[in-house]
Amino acid sequence: MKTIFKRNKKSQLLAQPFTYIFMLVVIAMIVGFGFYLIWKTDAFAKKVDIIKFQNDFSKKIQEINLLSPGSGELYESNIPAVIKAICFIDLTTGSNLKIDFADIKQDVDLDLMASKKENNVYFQMDATAQEKITPLKISKLKPSQNPLCFTITNGNLKVGLENKGKYVEVSKA
């Protein structure tokens, strides 16, 4: 009578643990690559949210600018969680500005040293942010007070926008 199980030769016995080790290494690499892709996708989604907010806000300023002087509206927007504060600053009025946010103060100082006074929207990032957002230049936008900063709570920004004729004034809502 023949046996159902074949006997392993000595060399096959030693090769079996290496096969399991190789399988574990391959599985670990697949899982690690999966986590890496999820992390990269999350970072990309945050960038898209930031760019969407910037574009929407710029479009709203241009819309208000096309209205008759004196007209305006309350603008509400969801802000990406990595943004902790937004400041609207008119650098053409002077350099003696009281700014409470370190990232924004640094960006303003760099712009003033480079005589680059066209940026008027600055962002304070969360400590977990992977990249810093560059300041924006939105034409025909001026703050009602200089600087005008908003701390973002619950990912929501509410500002008042009013057409002043030559520019759109942003103020606290």
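Contact here means heavy atoms within 4.5 Å. By that criterion, and not counting residues up to four places away in sequence, Q54 touches F123, I133, T134 and L136. The structure is a predicted model, and it has two helices and seven strands, which run from the N terminus in the order α-β-β-α-β-β-β-β-β. The radius of gyration of the protein is 28 Å, well over the 16 Å that the globule rule gives for 173 residues, so the protein is more spread out than a compact globule.

**Overall dimensions and burial**

- Along its principal axes, the C-alpha trace of the protein spans about 105 × 35 × 25 Å.
- Of the 173 residues in the protein, 31% are buried.
- Among contacts in the protein with a separation of 6 or more, 68% are accounted for by residues 24 or more positions apart.

**Nonpolar cores**

- In soluble globular proteins, nonpolar side chains tend to be buried together.
- In this model the largest nonpolar core has 26 residues, and those with the most contacts inside it are F57, I83, I86, F88, F123, V159 and L161.
- At least two residues of this core are supplied by each of α1 (10–66), β2 (83–88), β3 (121–125), β5 (148–151), β6 (156–163) and β7 (168–172), and the largest share, five residues, comes from α1.
- A second, separate core has 11 residues, including C87, L91, F101 and I104.

- Leaving aside its neighbours within four places in sequence, F123 is in contact with F53, Q54, I83, A85, I86, D103, I104, I133, T134 and L136.
- Q54, one of these contacts of F123, has its place in helix α1.
- The relative accessible area of Q54 is 12%, and Q54 therefore counts as buried, the cut-off being under 20%.
- N55 also lies in helix α1, but with a relative accessible area of 41% N55 is partly exposed.
- N55 and E131 are 76 residues apart in sequence, and their C-alpha atoms are 18 Å apart in space.

- Rolling a probe the size of a water molecule over the atoms shows where empty space is left.
- The largest pocket has a volume of about 270 Å³, and of the 15 residues that line this pocket, the closest to its centre are K46, K47, I50, E131 and I133.
- Helix α1 gives the largest share of the lining of the largest pocket, six residues, and by class that lining has seven nonpolar, four polar and four charged residues.
- The second largest pocket holds about 170 Å³ of space, and D90, E118, N120, L141 and K142 are the closest to its centre of the 16 residues that line it.
- By class, the lining of the second largest pocket has six nonpolar, four polar and six charged residues.

**Backbone geometry in the loops**

- Most residues other than glycine have a negative phi, and most peptide bonds are trans.
- The peptide bond from N146 to P147 is cis, with omega near -5°, and P147 lies in the loop between β4 (141–143) and β5.
- K140, although it is not a glycine, has a positive phi of about 65°; K140 is found in the loop between β3 and β4, where it counts as partly exposed at 44% relative accessibility.
- N154 is another residue other than glycine with a positive phi, in this case near 55°, and its place is in the loop between β5 and β6.
- With a relative accessibility of 81%, N154 counts as exposed, because the cut-off for that class is over 50%.

How values were computed:
Residues are numbered from 1 along each chain as its sequence is written. This is a predicted model: local features need pLDDT of at least 70, side-chain atom pairs count only at pLDDT 80 or more; totals for chains, interfaces and linings use all residues. Side-chain values use heavy atoms; hydrogens and water are left out. A nonpolar core is a set of buried Ala, Val, Leu, Ile, Met, Phe, Trp, Tyr and Cys residues joined through side-chain atoms within 4.5 Å. Buried means under 20% relative accessible area, exposed over 50%, partly exposed in between (1.4 Å probe, protein chains only). Helices (H or I, at least four residues) and strands (E, at least two) are DSSP runs, numbered from the N terminus. On a 1 Å grid over the protein atoms alone, a cavity is a set of points where a 1.4 Å probe fits but cannot get out, and a pocket is an open set with protein on both sides within 12 Å along at least five of seven lines; lining residues have an atom within 4 Å of a point. Grid points are joined across faces, edges and corners, and a volume is the space filled by probe spheres set on the points. Ala, Val, Leu, Ile, Met, Phe, Trp, Tyr, Cys and Pro count as nonpolar, Asp, Glu, Lys and Arg as charged, and the others, Gly among them, as polar. The radius of gyration is taken over C-alpha atoms; the globule rule is 2.2 Å times the number of residues to the power 0.38.
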